[in-house]
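Please open the structure in your viewer and keep the selection tool at hand. We will go from one residue to its surroundings, and then on to the parts that pack together.

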Amino acid sequence: MNRIVIADDSATARMFIRRCLEIVGLGEATLVEAEHGREALSLLKEEDADLLLTDLNMPVMDGATLLKWVKSSPRLHDLPVLVITSAGNPAKEQELLSLGAFGVLNKPVSPAVLMDALKPLLS
(Lines give C-alpha, C1' and ligand atoms only; values in the text may rest on other atoms or scores of the structure.)
Protein backbone atom coordinates (compact mmCIF):
# COMPACT_ATOMS: atom_id res chain seq x y z
CA MET A 1 0.00 0.00 0.00
CA ASN A 2 1.35 3.37 -0.97
CA ARG A 3 -1.12 5.85 0.46
CA ILE A 4 -3.61 5.48 3.31
CA VAL A 5 -6.07 8.18 4.41
CA ILE A 6 -7.06 8.26 8.08
CA ALA A 7 -10.19 10.29 8.89
CA ASP A 8 -11.01 10.96 12.53
CA ASP A 9 -11.81 14.16 14.39
CA SER A 10 -9.65 13.04 17.31
CA ALA A 11 -5.94 13.69 16.88
CA THR A 12 -5.28 11.04 19.52
CA ALA A 13 -7.31 8.46 17.60
CA ARG A 14 -5.50 9.33 14.36
CA MET A 15 -2.15 8.98 16.13
CA PHE A 16 -3.21 5.62 17.61
CA ILE A 17 -4.38 4.31 14.21
CA ARG A 18 -1.16 5.57 12.63
CA ARG A 19 0.84 3.68 15.27
CA CYS A 20 -1.23 0.52 14.68
CA LEU A 21 -0.54 0.76 10.94
CA GLU A 22 3.17 1.08 11.65
CA ILE A 23 3.08 -1.97 13.94
CA VAL A 24 1.33 -4.11 11.31
CA GLY A 25 3.99 -3.17 8.76
CA LEU A 26 2.32 -0.36 6.86
CA GLY A 27 4.53 2.38 8.26
CA GLU A 28 6.25 2.89 4.93
CA ALA A 29 2.99 3.92 3.29
CA THR A 30 2.20 7.60 3.09
CA LEU A 31 -0.29 8.13 5.91
CA VAL A 32 -2.49 11.16 5.32
CA GLU A 33 -4.77 12.48 8.06
CA ALA A 34 -8.11 14.28 7.86
CA GLU A 35 -10.19 15.75 10.69
CA HIS A 36 -13.55 15.04 9.05
CA GLY A 37 -15.13 13.36 6.10
CA ARG A 38 -15.14 16.37 3.81
CA GLU A 39 -11.40 16.85 4.26
CA ALA A 40 -10.84 13.14 3.64
CA LEU A 41 -12.92 13.27 0.46
CA SER A 42 -10.91 16.26 -0.74
CA LEU A 43 -7.65 14.38 -0.08
CA LEU A 44 -8.98 11.33 -1.94
CA LYS A 45 -9.90 13.46 -4.93
CA GLU A 46 -6.44 15.10 -5.01
CA GLU A 47 -4.45 11.87 -5.11
CA ASP A 48 -5.19 8.15 -5.33
CA ALA A 49 -5.19 6.13 -2.13
CA ASP A 50 -5.09 2.42 -1.44
CA LEU A 51 -7.13 2.44 1.76
CA LEU A 52 -9.43 4.73 3.74
CA LEU A 53 -9.78 4.29 7.49
CA THR A 54 -12.59 6.43 8.82
CA ASP A 55 -14.33 7.16 12.06
CA LEU A 56 -18.12 7.10 11.99
CA ASN A 57 -18.97 10.14 14.08
CA MET A 58 -17.17 13.27 12.89
CA PRO A 59 -18.18 16.91 12.46
CA VAL A 60 -18.75 18.48 9.02
CA MET A 61 -19.17 15.09 7.27
CA ASP A 62 -19.59 11.81 9.14
CA GLY A 63 -18.09 8.49 8.13
CA ALA A 64 -21.32 7.06 6.70
CA THR A 65 -21.73 10.06 4.40
CA LEU A 66 -18.08 9.84 3.40
CA LEU A 67 -18.57 6.15 2.64
CA LYS A 68 -21.60 6.95 0.43
CA TRP A 69 -19.63 9.60 -1.49
CA VAL A 70 -16.69 7.26 -2.02
CA LYS A 71 -18.85 4.37 -3.20
CA SER A 72 -20.84 6.61 -5.55
CA SER A 73 -17.70 7.99 -7.20
CA PRO A 74 -16.63 6.12 -10.35
CA ARG A 75 -12.97 6.86 -9.55
CA LEU A 76 -13.13 5.98 -5.85
CA HIS A 77 -15.71 3.20 -5.94
CA ASP A 78 -13.18 0.38 -5.55
CA LEU A 79 -11.30 2.01 -2.68
CA PRO A 80 -11.46 -0.24 0.43
CA VAL A 81 -13.07 1.64 3.32
CA LEU A 82 -12.61 0.39 6.87
CA VAL A 83 -14.83 2.08 9.44
CA ILE A 84 -13.43 2.30 12.97
CA THR A 85 -16.01 3.47 15.48
CA SER A 86 -17.02 3.58 19.11
CA ALA A 87 -20.68 3.86 18.10
CA GLY A 88 -20.98 0.50 16.47
CA ASN A 89 -23.74 -2.03 16.97
CA PRO A 90 -24.74 -5.01 14.82
CA ALA A 91 -27.46 -3.05 12.97
CA LYS A 92 -25.15 -0.11 12.22
CA GLU A 93 -22.36 -2.45 11.20
CA GLN A 94 -24.68 -4.21 8.77
CA GLU A 95 -25.82 -0.85 7.37
CA LEU A 96 -22.20 0.23 6.79
CA LEU A 97 -21.34 -3.07 5.13
CA SER A 98 -24.37 -2.75 2.86
CA LEU A 99 -23.16 0.73 1.88
CA GLY A 100 -19.90 -0.83 0.75
CA ALA A 101 -17.60 -0.69 3.77
CA PHE A 102 -14.81 -3.24 3.56
CA GLY A 103 -15.15 -3.80 7.30
CA VAL A 104 -16.23 -2.26 10.59
CA LEU A 105 -14.04 -2.31 13.70
CA ASN A 106 -14.87 -1.14 17.20
CA LYS A 107 -12.64 1.28 19.07
CA PRO A 108 -10.23 0.92 20.61
CA VAL A 109 -8.68 -1.03 17.79
CA SER A 110 -5.55 -3.08 18.43
CA PRO A 111 -2.78 -3.83 15.95
CA ALA A 112 -3.80 -7.51 15.95
CA VAL A 113 -7.45 -6.71 15.13
CA LEU A 114 -6.38 -4.24 12.46
CA MET A 115 -4.01 -6.79 10.95
CA ASP A 116 -6.78 -9.42 10.81
CA ALA A 117 -9.09 -6.93 9.12
CA LEU A 118 -6.47 -5.94 6.55
CA LYS A 119 -5.22 -9.45 5.72
CA PRO A 120 -7.41 -9.79 2.60
CA LEU A 121 -5.92 -6.56 1.25
CA LEU A 122 -2.33 -7.47 2.04
CA SER A 123 -2.22 -10.94 0.48
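Is T85 buried or exposed? This is a predicted model, and in it T85 has a relative accessibility of 1%. The cut-off for buried is under 20%, so T85 counts as buried.

Select T85 together with the rest of strand β4, where T85 is found.

Now widen the view to the largest nonpolar core, which has 24 residues, and colour V5, L44, L52, L66, V70, V83 and L96, the residues with the most contacts inside it. Two or more residues of this core come from each of β1 (3-7), β2 (30-34), α2 (37-46), α3 (63-72) and β4 (81-85). A second, separate core has 18 residues, among them C20, A29, V109 and L114.

Finally, select the helices α2 and α3, whose axes come within 9 Å and cross at roughly 25°, which means that α2 is roughly parallel to α3. If you show the side chains here, you will find the contact made by G37, A40, L41 and L44 of α2 and by L66, W69 and V70 of α3. Of the residues in this contact, six are nonpolar, one is polar and none is charged. As you turn the view, note that α2 passes α3 in a right-handed crossing.

Methods. Residues are numbered from 1 along each chain as its sequence is written. This is a predicted model: local features need pLDDT of at least 70, side-chain atom pairs count only at pLDDT 80 or more; totals for chains, interfaces and linings use all residues. Side-chain values use heavy atoms; hydrogens and water are left out. A nonpolar core is a set of buried Ala, Val, Leu, Ile, Met, Phe, Trp, Tyr and Cys residues joined through side-chain atoms within 4.5 Å. Buried means under 20% relative accessible area, exposed over 50%, partly exposed in between (1.4 Å probe, protein chains only). Helices (H or I, at least four residues) and strands (E, at least two) are DSSP runs, numbered from the N terminus. Axes are lines fitted to C-alpha atoms, for helices over the stretch in contact, and angles run from 0 to 180 degrees between N-to-C directions. Angles under 35 degrees count as roughly parallel, over 145 as roughly antiparallel, 65 to 115 as roughly perpendicular and the rest as oblique. A crossing is left-handed if the near helix is turned anticlockwise from the far one by less than a right angle, and right-handed if clockwise. Contact means heavy atoms within 4.5 Å. Ala, Val, Leu, Ile, Met, Phe, Trp, Tyr, Cys and Pro count as nonpolar, Asp, Glu, Lys and Arg as charged, and the others, Gly among them, as polar.
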